[in-house]
Amino acid sequence: MIDWQPLLLTFKLALVTTLWLLIIAVPLSYWLAYTKSRLKPILETLVSMPLVLPPTVLGFYLLVAFSPASALGGWLHDTLGIQLIFSFKGLVFASVLYSLPFMVHPIQAGFTNLNPTLIEASYVLGKSKIKTLFKVVLPNIKPSLLTGIILAFAHTIGEFGVVLMIGGNMPGKTKVASIAIYDEVEALNYNAANWYSIILFAITFGILLVVYLVNGGYLKRFWK
Amino acid sequence: MIHIALNKKLMAANGPMILDIDIDIVPGSFTTLYGPSGAGKTSILRMISGLLSVDEGHIIMCNNVWLNTKKGICLKPQQRKIGFVFQDYTLFPNMTVKENLIYALEKGQDTQIVKELIDTIELAELQDRRPDKLSGGQKQRVALARALVRKPEILLLDEPLSALDQSMRIKLQDYILSVHKKYKLTTILISHEISEVIKMSDNVIQLDKGRIHKQGKPLDIFTTKQVSGKFQFSGEVIDIKQEEVIYVVTVLIGTNFVKIIAEENEIKTINIGDTIIVASKAFNPLLQKI
């Protein structure tokens, strides 16, 4: 049979990435949705870049930036003791950047579509911005949060180029399922490649099906 | 005394408009803002609550200064003790009726008030429902109750009844009046309905294009001095028909159609669609209980 480690690593990466993305994307989307700053278009463009950029481009620049020979990579290594290339931490960092639009876009749309007087109603009841965010805003954009979480998770599972560039192919450390498939095909081991592929196919199909079922209203009663 | 002076340049539908008002309100009184759309009524409530910034002015709530642009004082909406009922209900969809009221409680506030309001505004049967399972009138009752939880110093009602049908309107007017009296509230209401304004208010401020046009007791505002009518209604002309030497004018007063006989010189200046006053001088109306 196949080695399960790449699959486990893939899901660990997707989980950790999604958690980090949630922490980063909620404030970022909130800012993007409500700001009147002139910097907004620039930030929106940066967030969307991974949608159109070849993953190898992102991976390449991250590799260059974080290599111990570069200023940033050297500083991270010497001062904080963090090595981002060819490590799991590096994979997480790259995946967070790469999946950012998949998390930010749905949540930003959720914020924008929320009736703004709901927020005002909370303010005039004396509630702070933070309390309003957690008690009123976020609970009312649950479908957008769900879409963001699941798309980011599924997208991270499907990563290849970025991961290969910055992480390489180190078993148990950076060898995720998509790379394992490539590896097995290279070694003409089609059976193992097929197993990895079919598992990824089934899981991503299941995940996306959940999004469409929930947001299409089929499972609405569970979210009320 | 409550003193409110506001000045702000607003972008209205037909170009920029300067809103400039200066009003005194007696604590415990019921004031209505009346006037055409775009006169700045909603903006005034939003400025009092702190949701809209003010170019220049001050708001003095008895002994507390909420706003003084000269001294750079401007309390946040959260720091002003207001009850605000919005036109479109704005109940929190993720909370039940009771949870909506509980959310409004201040830190450490006695929860007794929630129970009391549920009784006063008769929400007991609805308290575990979500807002999307309520009718318009029910939603607005919940919104009213929620606005009162904090025991506001001033209650602001932004056309809360405009989306409701006539019978529901009257019921809600009674709820508003009863809580206004019970909690000794200072209330400002926005309304377009003359009958509502007369029923509810101690004081009317008629606004036009951001300025105070008239101010006073409701009956003084809406009855013109020229007619010493004992009996008068305003209505809309629906039809004018000539019958031999006289004219029959059909007028819509409230929800009733009334046919009135008129002479040629009377209808000279009246066209279909005009708002007119139907008044009678020497006239003894019959009163009958129904």
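**Entry 1: a hairpin in chain B**

I began with a term: two strands count as paired if DSSP finds at least two bridges between them. I also noted that this is a predicted model. With that in hand I looked up strands β4 (residues 56-61) and β5 (residues 64-68) of chain B, which run antiparallel and are joined by four bridges. They form a hairpin with two residues between them. In the turn, B:Cys62 has a positive phi of about 55 degrees. I then picked B:Ile59 and found its bridge partner in β5(B), B:Leu67.

**Entry 2: following β5(B) onward**

Which strand does β5(B) meet through two bridges? I found β6 (residues 73-74) of chain B, and the two run antiparallel. B:Leu67 turns up again here, standing opposite B:Cys74 in β6(B). This hairpin has four residues between the strands, and B:Gly72 takes a positive phi near 70 degrees in it. A reminder to myself: in a regular strand the side chains alternate between the two faces of the sheet.

Do β3 (residues 30-34) and β10 (residues 203-208) of chain B run parallel or antiparallel? They run parallel, with four bridges joining them. I saw B:Thr31 standing opposite B:Asn203 in β10(B). On to β11 (residues 211-216) of chain B, which pairs with β10(B) in the antiparallel sense over five bridges. One pair I checked there is B:Gln206 with its bridge partner B:Lys214 in β11(B). The hairpin of β10(B) and β11(B) has two residues between the strands, and B:Lys209 takes a positive phi near 50 degrees.

**Entry 3: a helix in each chain**

In chain A I looked at helix α8 (residues 142-157). At 1.5 Å a residue, its 16 residues should span 22 Å, and its end C-alpha atoms are 23 Å apart, which agrees. Why do I call α8(A) largely enclosed by the rest of the structure? Because twelve of its 16 residues are buried. Among them are A:Ser144, A:Leu151, A:Phe153 and A:His155. What covers the buried residues includes α1 (5-34), α5 (88-113) and α11 (190-215) of chain A.

In chain B I turned to helix α1 (residues 41-49). Eight of its nine residues are buried, so this helix too is largely enclosed by the rest of the structure. The buried ones include B:Lys41, B:Leu45, B:Arg46 and B:Ile48. Just after α1(B), B:Gly50 takes a positive phi of about 90 degrees.

**Entry 4: the nonpolar core**

How many residues does the largest nonpolar core have? I read off 109, and those with the most contacts inside it are A:Ala94, A:Ile166 and B:Leu156. The largest share of this core, 13 residues, comes from α5(A). I then listed what B:Leu156 touches, leaving out residues up to four places away in sequence: B:Leu45, B:Ile48, B:Ser49, B:Ile82, B:Gly83, B:Phe84 and B:Ile188. From α1(B), then, B:Leu45, B:Ile48 and B:Ser49 are buried.

Last, I checked where the chains meet: 16 residues of chain B are in contact with 15 residues of chain A. By class, the side of chain B that touches chain A has nine nonpolar, four polar and three charged residues. I also looked up the domain assignment of chain B, which gives domain 1 (2-222) and domain 2 (231-280). The C-alpha centres of these two domains of chain B lie 36 Å apart.

Notes. Residues numbered from 1 in each chain as written. Chains lettered and ligands numbered in written order. Predicted model: local features only at pLDDT ≥ 70, side-chain atom pairs only at ≥ 80, totals over all residues. Expected span 1.5 Å × (residues − 1). Buried ≥ 20, exposed ≤ 12 C-beta atoms within 10 Å, placed from the backbone. Contact = placed C-beta atoms within 7 Å. Domains from an automatic or database assignment. Nonpolar A, V, L, I, M, F, W, Y, C, P; charged D, E, K, R; others polar. Core = buried A, V, L, I, M, F, W, Y, C linked by C-beta atoms within 7 Å.
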